[in-house]
Amino acid sequence: MKTITVKISEVKANPNNPRIIKDDKFQKLVASIKELPQMLQLRPIVVNEDMVVLGGNMRIKASKEAGLKEVPIIKATDLSEEQQRAFIIKDNVGFGEWDWDALANEWDAELLVEWGLDVWKAPTEVDYSILDGADELDDLISDMANGVKKAIQIEFEAEHYEEAYELVKFWRERKAYVGGMIMEYLKAEKEKL
């Protein structure tokens with residue numbers, strides 16, 4: 001299959017497309033196409049013989065909004081109707097997942113947000129003053145917290161992070177109580193003092 005460039009007006013949006021991108025995310029896609037139109041060459045719109053989009057409905061819509069007059073396409077002429085329907089879904093399924101540690105350590109969070117990725121944001125400040133003097137509520141919260149696992153964040157120097165991550169992962173995969181292992185080690189070290 002060969003990529004060709006056609007007038008954007010020749011490409012027809014698929015009325016049966018079940019995937020949409022709305023509002024802010026759509027505007028980020030438009031901006032992304034404006035800033036890096038080469039993306040479309042690297043990942044062309046896939047159409048059938050009738051020029052109806054099978055893969056790239058939101059990219060074609062965003063390309064129109066970005067003011068493009070032409071887009072690269074690939075014609076999928078050898079797919080049956082059933083294969084075309086399957087392609088529409090399979091093209092939009094996200095099989096992978098993000099490596100959040102790599103994103104946090106190797107990428108600029110503001111750029112990731114600008115490019116359309118939802119990244120972790122610090123929680124907004126909450127006013128708990130409404131709870132002042134609510135002893136019964138404190139008791140209820142304490143009762144609810146019994147038996148719930150709690151977490152402590154441990155900081156590592158950059159050169160130790162990967163090794164620490166792999167060790168914790170290793171022991172968690174073996175259903176070990178990592179918190180207990182750390183506590184036993186820290187107690188033993190404290191006894192030496």
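In what order do the strands of the open sheet stand?

## The sheet

The order is S1-S4-S2-S3, in an open sheet of 4 strands with mixed pairing. Strands here are DSSP E runs of at least two residues, and helices are H or I runs of at least four, numbered from the N terminus; two strands pair if DSSP finds at least two bridges between them. Strand S1 (3-7) and strand S3 (53-55) stand at the edges with a single partner strand each, so one side of each has no neighbour in the sheet. From one strand to the next, the twist averages 50°.

S1 runs antiparallel to strand S4 (residues 70-75), and 5 bridges join the two. Among the bridge partners, Thr5 goes with Pro72 in S4. Helix H3 (residues 57-65) packs on the sheet, where it touches strand S2 (45-47), S3 and S4; contact means heavy atoms within 4.5 Å. The direction of H3 makes about 115° with that of S3, with axes fitted to C-alpha atoms (for helices over the stretch in contact) and angles running from 0 to 180 degrees between N-to-C directions.

## How to read the model

This is a predicted model, in which local features need pLDDT of at least 70 and side-chain atom pairs count only at pLDDT 80 or more, while totals for chains, interfaces and linings use all residues. Residues are numbered from 1 along each chain as its sequence is written, and side-chain values use heavy atoms, leaving out hydrogens and water.

## A buried valine

Let's turn to a loop. Val119 sits between helix H6 (109-114) and helix H7 (135-145). Val119 is buried, with a relative accessible area of 17% (buried means under 20%, with a 1.4 Å probe and protein chains only). Not counting residues up to four places away in sequence, Val119 touches Trp100, Ala109, Leu112 and Val113.

## The largest pocket

The largest pocket has a volume of about 1300 Å³. A pocket is an open set of points on a 1 Å grid over the protein atoms alone, where a 1.4 Å probe fits, with protein on both sides within 12 Å along at least five of seven lines; lining residues have an atom within 4 Å of a point. The volume is the space filled by probe spheres set on the points, which are joined across faces, edges and corners.

Of its 27 lining residues, Ile154, Arg172, Val178, Gly179 and Ile182 are the closest to the centre. H8 supplies the largest share of the lining, 8 residues.

Key
Buried means under 20% relative accessible area, exposed over 50%, partly exposed in between (1.4 Å probe, protein chains only).
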